[in-house]
Amino acid sequence: MSELKTLYKEGVWVNNPALVQLLGLCPLLAVTSTITNALGLGLATLLVLVGSNISVSIVRNWVPKDIRIPVFVMIIAGFVTIVQLLMNAYTYGLYQSLGIFIPLIVTNCAIIGRAEAYASKNPVHLSAFDGLMMGLGFMIVLVVLGAMRELIGQGTLFDSADLLLGPWAQSLRIEVFNFDNQFLLAILPPGAFLGLGLLIAAKNVIDAQIKSKRVAPPEAEKGPRARVTSLT
Amino acid sequence: MIISSMAKNGAILTAFALVTTGLVASIDALTADKIAEQEQQYLTSQLQEVLDPSTYDNELSKDCAIISDERLGPYANQIIYRARKNNKPVALVVRHVTPNGYSGDINLLTAVLSNGTIAGVRVTKHEETPGLGDKVEVKKSPWITTFKSLTVQSEDDARWAVKKDGGQFDQFTGATITPRAVVSSVKKAVLFAQSEFDAIFAAPNAECLEVTNE
């Protein structure tokens, strides 16, 4: 039970793939201009991550160490292709608006990273849960960033959510502000970098506060840590 | 020793390749019909945007000719859909491309009626700047609907330009290149449709579903 709790904490907060490991930034920065796109890519990544973690964990005892990387890549590419085909078939509009970033999930290092670091060493149910939590952590960051950029950039939330969720979702659209001109900085890629930077900063502030609230036992004076870079 | 381990690893890799390929192939087979249906539906909805479906009675998305003409942009083989009612020509829906946008090609769909006027224009694909040039999308701005019911008199029709160049079309604040490219491309496509109207209706039917518009 505690293993599951650790995995949950690691994936969503402590070792979040987007905020701490900084993996998969290419799709993260490129598609987060609206919540819908962010949620779509987040779900696709989540599915691939869970699928690949489960498969890697199942085959982990049969794959010799020397060829594990090509096998993992094959498994991941297979899952991405399957997710791509399914999205093409069932969420066509979203498939078009995500475009190249669905096949690019293959190159998301978070996925092969989890396959190598966790799933290849742990049993199936834990690997599945790890994939789910890592995927969830990634998706939450995508959605929060998408919400920030959509809100600041075009003053709406859940714009064209019907592409992902079907026609009923058109009513989800909230128009918070009405601009004559969109705030371009938020929509263009620099806005994504700034937004991600702010999110990482916010996470660090929260972490620091949690740390300072704990009654920390006075630490023994340590010698200076060896540095490999100069101080200047 | 090394040979046998190579053979073993090779065999394992082959087995994985076969399994994953088989899996992808079977999912592909399962979704192929649905994907084709989605593409057909998307095409039909695109055509509906530019031409009122009540004006024709043939299956527009399956009646087309493929034409190469420099007035339709720099690429060969553009698809032209033919709308008929009671087997009489009603309108042509022309796919055309302009390379003169601000970033990359702009793909357009223009419907021209038999009397030479425009029934509708839509941008089907573009990479213009969000917030500036993307106002050519009907989702962002009604600008593209101002083409409806207009016609082109001749090659040197002065009204077919943005207002900055003395024409009748609004440019956008901060973006003149995009509307200028769209206006001139639509003008050429309309002239093309007017001059080739009968010839295109006489041409044999082709495979219409657009696959390569990337």
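## Reading the labels

Mentor: Of the 232 residues in chain A, 40% count as buried. The model is a predicted one.

Trainee: What makes a residue of chain A count as buried?
Mentor: A residue is buried if 20 or more other C-beta atoms lie within 10 Å of its own.

Trainee: Which elements make up chain A?
Mentor: Chain A has 10 helices and two strands. Along the sequence the pattern reads α-α-α-α-α-α-α-β-α-β-α-α. Its C-alpha atoms fill a box of roughly 60 × 45 × 40 Å along the principal axes.

Trainee: Which residues have the most contacts inside the largest nonpolar core?
Mentor: They are A44(A), V48(A), I76(A), V83(A) and L142(A), in a core of 53 residues. Among the elements that each supply at least two residues of this core are helix 3 (35–59), helix 4 and helix 7 (124–154) of chain A.

Trainee: What is L142(A) in contact with, leaving aside its neighbours within four places in sequence?
Mentor: L142(A) is in contact with L28(A), T32(A), A38(A), L41(A) and G42(A). For chain A, residues 24 or more positions apart account for 78% of the contacts with a separation of 6 or more.

Trainee: Why are helix 3 and helix 7 of chain A called roughly antiparallel?
Mentor: Helix 3 and helix 7 of chain A pack at an angle of about 165°, with their axes 8 Å apart. Angles over 145 degrees count as roughly antiparallel, so this pair takes that label. The crossing of helix 3 and helix 7 of chain A is right-handed. The residues of their contact comprise 21 nonpolar, nine polar and two charged.

Trainee: Which residues meet where helix 4 and helix 6 of chain A are in contact?
Mentor: F72(A), V73(A) and I76(A) in helix 4 of chain A meet I111(A), I112(A), A115(A) and E116(A) in helix 6 of chain A. By class there are six nonpolar, no polar and one charged.

Trainee: How many residues of chain A are in contact with chain B?
Mentor: 21 residues of chain A are in contact with 17 residues of chain B. On the side of chain A that touches chain B, helix 4 of chain A gives the largest share, 11 residues. That side has 15 nonpolar, five polar and one charged residues.

Trainee: How do you know whether N87(B) is buried or exposed?
Mentor: N87(B) has 8 other C-beta atoms within 10 Å. The limit for exposed is 12 or fewer, so N87(B) is exposed. N87(B) lies in the loop between strand 2 (78–85) and strand 3 (88–98) of chain B, and its phi is near 65°, a positive value in a residue other than glycine.

Trainee: What makes S149(B) exposed?
Mentor: S149(B) has 10 other C-beta atoms within 10 Å. With the limit at 12 or fewer, S149(B) is therefore exposed. S149(B) has a positive phi of about 70° although it is not a glycine.

Notes
Residues numbered from 1 in each chain as written. Chains lettered and ligands numbered in written order. Predicted model: local features only at pLDDT ≥ 70, side-chain atom pairs only at ≥ 80, totals over all residues. Contact = placed C-beta atoms within 7 Å. Helix = DSSP H or I, 4+ residues; strand = E, 2+ residues; numbered from the N terminus. Nonpolar A, V, L, I, M, F, W, Y, C, P; charged D, E, K, R; others polar. Core = buried A, V, L, I, M, F, W, Y, C linked by C-beta atoms within 7 Å. Axes fitted to C-alpha atoms, helices over the stretch in contact; angles between N-to-C directions. Parallel < 35°, antiparallel > 145°, perpendicular 65-115°, else oblique. Left-handed = near helix turned anticlockwise from the far one by under 90°.
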